Amino acid sequence: MTAKYVIGVDLGTTNSVIAYSDLEAESPAVELLEIPQLVAASTIENRKSLPSFLYLATEADQEGGKLELPWDDGQTFATGEWARRQSADTPDRTVGGAKSWLSHHKVDRQGNILPWNAPEEVGKISPVEASKRYLQHLVAAWNEAQPEHAFADQAVVLTVPASFDASARELTHEAAIAAGFPADFTLLEEPQAAVYSWLGHMGDKWRKALKVGDKLLVCDVGGGTTDLTLITVEEEAGELVLKRMAVGNHLLVGGDNMDLALAFHVAELFKEKNVTLDPWQSVSLWHSCRAAKEQLLQDDGPDKYPVSILGRGSKLIAKTVSVDVEREPIKAMLLEGFFPSCSATDKPERGFVSGFQELGLPFESDPAVTRHLAEFLSQHSEKAGSAIHPTHVLFNGGVFKSEPFQKRLMDTINSWQPDQPLQRLEGDHDLDYAVARGAAYYGFAKEKNGIRIRGGTAQAYYVGIQTSGLAIPGAPRPLHLLNVVPIGMEEGTETDVPSAEIGLVVGETTKFRFFSSPIRKDDKPGQMIQRWDEAEISETDSLEASLPRDDKINEPYVPVTFHSKVTELGMLELWCVSSKTSGRWKLEFNVREED
Amino acid sequence: MSRIGLAFKLFFQILFNAEVAERAETLSLPAPAEQAAKPETPPPPPKPKPEKPQRPDGIDALVLLATLQREARFLDLFQEDLSEYDDAQIGAAVRDVQRDTKSTLNRLFAISPVRDEEEGGRIELPESYDAGEIRLVGNVQNDKPSGGTLVHRGWRATKCDVPKFSGTLAQAQVLNPAEVEV
């Protein structure tokens with residue numbers, strides 16, 4: 001059955017959104033799907049986004065149809081707004097931030113580990129399972145709204161952070177397929193989606209807004225993650241084309257850190273008044289702080305903003321306490337903490353201890369987005385051989401609703417390149433829904449041969465090869481890295497990796513250490529690297545291949561070389577190929593191993 | 001039943017029940033709208049629809065109240081006795097409740113003014129304006145006037161998305177369960 005709609009799905013760290021467009025239309029008209037969800041027991045409301053939270057219901061809440069959805073009445077959990085609320089009342093039964101866990105190599109992402117630190121009896125689930133359930137909810141919401149056009153028959157685009165490495169993409173892919181996505185759905189990087197959304201808003205006018213040689217910085221600060229992407233405008237056969245030039249590392253810092261930092265500050269003010277807050281009040285404080293932040297940071301904002309904590313019981317007024325939060329300290333704390341002015345050569349401080357860390361996830365030790373940006377640009381300048389000066393910036397993420405953050409970021413970049421002032425990309429920057437909308441727009445462009453951003457893989461990938469040589473007791477054999485995928489390998493292409501043959505043992509699982517780098521642009525497949533800087537190349541999940549015992553293979557091991565492939569849908573595949581038996585074995589990510 | 005309670009009850013019944021709304025309209029015309037809240041005999045209780053016993057009449061009103069309480073602590077504020085507190089203390093509490101009530105009402109009803117002009121200014125009235133949208137006050141003659149001073153911009157719900165409740169009436173009547181920390 002051919003698709004009638006293209007559907008863009010933004011599986012966010014804190015909110016998920018579905019956008020869609022009719023493929024039969026002349027030009028894409030992207031709409032958001034209203035997502036029915038539980039907002040309280042037995043109560044369904046339509047919202048434009050589905051909070052990415054999951055409530056593992058108590059037995060009492062599982063009874064009497066309290067978890068009933070229009071499409072299902074046998075669930076033992078709730079996703080969405082009710083679950084988000086429950087995270088204040090029953091944190092041990094609420095899963096949040098599952099997406100951040102997907103890219104965390106130190107834990108078993110198929111293992112039932114969430115809610116982190118919760119007692120076993122709640123029936124913990126894995127980060128992959130949580131993601132699957134959010135996506136399942138979105139699929140069901142679509143099928144409820146469009147019973148004639150099943151989700152599985154449509155053209156679907158799912159977004160992932162640009163900095164998600166191959167194994168995190170693989171896990172997202174797995175969750176989506178299990179949730180009922182069509183087998184041929186496409187993965188798209190979130191910052192690119194934001195650009196597509198802008199392209200969609202601008203229509204043909206974009207060709208006037210950007211010219212050949214322009215470098216567009218996409219600065220995406222979401223609830224939990226920050227993603228930096230650089231896109232260049234080039235000319236091919238007389239046409240302007242967009243090319244993705246560089247992608248930053250996966251940074252676990254976002255708007256939630258800011259609200260939390262503010263909430264900590266305000267909680268201290270309450271403490272001075274001898275008011276200690278319970279967890280429920282802390283969450284409502286967090287909510288109030290977000291509103292306070294937006295007010296206080298406005299250019300002509302008030303000098304003081306009252307933040308109140310409502311009484312917990314029904315005696316609301318009697319127990320309400322409030323403090324005046326002053327503008328200057330807050331502005332200093334948030335701007336200097338997250339967007340400090342810094343020089344182009346600054347680097348994020350490693351091992352800097354910040355006050356707002358949560359156990360478990362490897363949050364950035366330095367929350368300064370500007371310093372991460374300086375490092376990102378200087379690393380890529382080094383590789384490119386000359387300084388990179390972005391000409392335009394596109395903002396994405398709710399954090400940038402506070403204009404001072406936009407301004408500070410631009411001022412900081414301008415201090416690095418006083419001769420070439422950076423421009424805010426003209427037109428609408430849709431901060432909340434750009435990713436889902438852009439995904440739908442991309443799907444439309446893909447079907448109709450519209451403008452596409454080219455760029456291929458964001459990272460280069462390497463297989464770790466233990467060198468043979470004399471074994472020295474106590475010293476591990478040196479590890480060399482074999483490049484198997486270069487940066488920028490295009491979708492729909494494959495390549496043989498020329499190298500010496502490697503022996504795979506038959507009937508056993510052979511493990512390879514696996515590494516990635518968003519920076520080393522010049523490495524070609526087959527290139528062996530003996531020394532590298534750990535800031536350039538980082539280890540990710542290991543790979544494993546298992547050769548079955550086979551009559552054709554009489555020897556204890558089979559010599560193989562590697563073959564890599566990037567599918568049309570953006571998935572990376574690595575194969576071992578034997579010249580002797582002409583057999584091929586796919587390497588699978590091992591995401592279970594714990595370090 | 002106290003008058004204010006009855007008025008509240010009627011308000012929600014009129015809002016959500018077409019039949020009651022129709023009755024209220026006949027009551028309110030031609031008398032001024034203020035008098036609609038004090039009819040001589042209370043309207044009969046709404047008849048439960050036999051085909052849909054699981055969605056009793058008025059349940060939407062209860063769900064709306066529960067929603068406002070959940071999202072904005074609406075009942076906690078309006079059930080309090082204000083005479084016990086000074087203005088600053090009330091103000092501190094109201095600020096948050098007002099912010100959240102407003103955002104909830106706007107999400108569910110997308111409330112917008114009927115007229116976009118500034119209040120206090122003169123507006124022109126077309127030959128055939130909708131008398132449901134514009135109410136003439138002051139020296140009202142039989143001839144339709146060409147314009148007048150806008151004293152109130154009016155409010156209009158541009159949608160009605162009250163959450164759907166699948167439980168029983170008894171469950172809906174619990175607007176906020178008692179909470180016990182263990």
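**Two chains, asked about one step at a time**

Mentor: In this predicted model, 19 residues of chain A are in contact with 22 residues of chain B.

Trainee: What makes a pair of residues count as being in contact?

Mentor: Their C-beta atoms have to lie within 7 Å. On the side of chain B that touches chain A, helix H3 (59-72), helix H4 (74-78), helix H5 (87-109) and strand E5 (164-165) of chain B each give at least two residues. H5(B) has the largest share, with 7 residues. By type, that side splits into 9 charged, 8 nonpolar and 5 polar residues.

Trainee: How do you know that strand E5 (residues 43-47) of chain A pairs with E5(B)?

Mentor: Pairing takes at least two bridges, and 2 bridges join these strands, which run antiparallel. Ile44(A) is found opposite Lys164(B) there.

Trainee: OK, into chain A. Why is Ala175(A) called buried?

Mentor: The cut-off is 20 or more other C-beta atoms within 10 Å. Ala175(A) has 27 such neighbours, so it counts as buried. This residue sits in helix H5 (residues 166-178) of chain A. Leaving aside residues up to four places away in sequence, it touches Val128(A), Ser131(A), Lys132(A) and Leu135(A).

Trainee: And what makes Asn274(A) exposed?

Mentor: Exposed means 12 or fewer. Asn274(A) has 7 other C-beta atoms within 10 Å, so it is exposed. Asn274(A) lies in the loop between helix H8 (255-272) and helix H9 (279-296) of chain A. Its phi is near 60°, a positive value in a residue other than glycine.

Trainee: Why do strand E18 (423-424) and strand E19 (453-454) of chain A count as edges?

Mentor: Look at the order of the open sheet of 6 strands in chain A: E18-E17-E12-E13-E14-E19, with mixed pairing. E18 and E19 each have a single partner strand, so one side of each has no neighbour in the sheet.

Trainee: How do you know that strand E13 (residues 226-236) and strand E14 (residues 239-247) of chain A pair?

Mentor: At least two bridges are needed, and these antiparallel strands share 8 bridges. One example is Ile231(A), whose bridge partner in E14(A) is Arg244(A). Helix H11 (residues 369-384) of chain A lies across strand E12 (215-221), E13 and E14, at about 40° to E13(A).

Trainee: What makes both faces of strand E7 (residues 53-56) of chain A covered?

Mentor: Phe53(A) and Tyr55(A) are on one side, Leu54(A) and Leu56(A) on the other, and all are buried. E7(A) also pairs antiparallel with strand E9 (residues 94-96) of chain A over 3 bridges, and Phe53(A) stands opposite Gly96(A) in E9(A). With strand E8 (residues 77-79) of chain A, E7(A) has 3 bridges, antiparallel too.

Trainee: Last one: which residues touch the most other members in the largest nonpolar core?

Mentor: Ile18(A), Leu138(A), Ala439(A) and Ala440(A), in a core of 144 residues. A second, separate core has 29 residues, among them Tyr461(A) and Leu587(A).

How values were computed
Residues numbered from 1 in each chain as written. Chains lettered and ligands numbered in written order. Predicted model: local features only at pLDDT ≥ 70, side-chain atom pairs only at ≥ 80, totals over all residues. Helix = DSSP H or I, 4+ residues; strand = E, 2+ residues; numbered from the N terminus. Contact = placed C-beta atoms within 7 Å. Nonpolar A, V, L, I, M, F, W, Y, C, P; charged D, E, K, R; others polar. Axes fitted to C-alpha atoms, helices over the stretch in contact; angles between N-to-C directions. Core = buried A, V, L, I, M, F, W, Y, C linked by C-beta atoms within 7 Å.
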